[in-house]
Amino acid sequence: FLRDYLEVPEVNGVINQKVAMFCNGIIRVVSDITGKEIPNNDPFVRLLREPNYFQSQKEWMQQTGLFGEIYGNEFIFFLTPIGMPNSPKAMFNLPPDIVIVNEPGTPFFMETANKATYSYIWNGQKTPLSPESIIHINRANVSSSLNHSQTDLSIINYQNSYTLGTPVMVSQQMPIRNIRAAYEARNVMIENRGALGILSNGGTDGTGAMLPLDPKAKEALQKEYQNYGMTKNRMQIIMTSLNLKWQQMSIDVDKLKLFEEIAADFQSLCTGFGMAYEMFTANQTYDNKLRAERQTYQNTIIPMANEKIGAFNRKFKTQEKSWHVEIDYSYLPIFQENIREKSVSTKQMADAFAIMYRDGAITIEQYQSELLKLGIGGKS
């Protein structure tokens, strides 16, 4: 899957776009009492703003997003002082291909909590990880065939794990192979195209057999042919007194439908990753692209982001605290337009109800009821 991401432009493009949209979110630590952001001097706020010594928040978000899309799993490790598990000093994204997940020995449905444990491989040495130091975010896995006790992600069979998530690319291997084959076919035709065709003597002898082209005439014709081409300093039309016959040899790429195949497979990738295909196509109107972008945020990006943030809230048990973590996309222009439209619509409806009340068409109770539906008024 990592090779697919690194080598197949369509896979790389759709994943990068999805992760870039995720990174547009603003992560905030919000007070449950005031509804406002907690000051930056709070230790947890500082951790989210500067996760570790070499990554900013956005760099950290991009990396964990890429790991999730490529591997179907994200392992967030919190570095804490000894004896202080609830006071992390830094957080890092562990590369999923170095993490080993040890499945519980009993059925998962017989446990009240996840009993899987984690280890990592570094320089050939396996080291266990404290369960309290890890947040494991995984994609959905509908498999229930637990017939092993230890799983290495680098050789994972995703059908044999309930703890590990299943990458989207598991379902996209056929389209990805088709794209690879189409690119390979085009590359072979470009690098090994050989002669464009055969230019032969069109004349025949008395028996109807084709006459061979005189070697001197052939050499002269070959030299003359070098003067023709599609650049401005060359001639485009061949004029000759020789009786010549042209036989095409090059492959008609259009007949192979390679471009159409890649487009169809890319559309499958977009569907698999939850990305609107219209965002990537040039022949779309501005409104269609805007609608596609908004749809992608609402149906894919925001739910995915809320899942990640929810993992932080569960990890730090914010339901027992006076603050919580949230991620916000409402500042984006596509949602600002929605807010303006809703505001105008609400004002128009409120004005209409006010007129109906003054005209006696509705009672004061009906008037108040309709305003409550618009989010106006209510008990203090």
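Strand E1 (26-31) and helix H3 (43-49) each give at least two residues to the lining of the largest cavity in this predicted model. Helices (H or I, at least four residues) and strands (E, at least two) are DSSP runs, numbered from the N terminus. A cavity is a set of points on a 1 Å grid over the protein atoms alone where a 1.4 Å probe fits but cannot get out, and lining residues have an atom within 4 Å of a point. Grid points are joined across faces, edges and corners, and a volume is the space filled by probe spheres set on the points.

Residues are numbered from 1 along each chain as its sequence is written, and side-chain values use heavy atoms, leaving out hydrogens and water. Because the model is predicted, local features need pLDDT of at least 70 and side-chain atom pairs count only at pLDDT 80 or more, while totals for chains, interfaces and linings use all residues.

The count comes to two cavities of 30 Å³ or more.

| Cavity | Volume | Lining residues |
|---|---|---|
| Largest | about 40 Å³ | Ile27, Arg28, Val29, Glu37, Ile38, Val45, Leu48, Arg49 |

By class, five nonpolar, no polar and three charged residues line the largest cavity. Ala, Val, Leu, Ile, Met, Phe, Trp, Tyr, Cys and Pro count as nonpolar, Asp, Glu, Lys and Arg as charged, and the others, Gly among them, as polar. The lining of the second largest cavity has five nonpolar, one polar and one charged residues. Helix H4 (57-71) and helix H9 (286-315) each supply at least two residues of that lining, and H9 gives the most, with three.

The chain holds 11 helices and 11 strands. Of its 380 residues, 37% count as buried, where buried means under 20% relative accessible area (1.4 Å probe, protein chains only).

Aromatic rings form 15 pairs. Rings of Phe, Tyr and Trp (its six-membered ring) pair if their centres lie within 6.5 Å; planes under 30 degrees apart count as stacked, over 60 as edge-to-face and the rest as tilted. The rings of Phe78 and Phe316 have centres 5.4 Å apart and planes at 85°, so this pair is edge-to-face. Phe78 lies in strand E2 (residues 73-79) and Phe316 in the loop between H9 and strand E11 (323-328), 238 residues apart. Both Phe78 and Phe316 are buried. Ring pairs also link Phe44, Trp60, Phe78, Phe312, Phe316 and Trp323 into a cluster.

Notes:
1 Å grid on protein atoms, 1.4 Å probe; cavity = no way out; pocket = protein on both sides within 12 Å on 5 of 7 lines; lining within 4 Å. Buried < 20%, exposed > 50% of the residue type's maximum accessible area, 1.4 Å probe, protein only.
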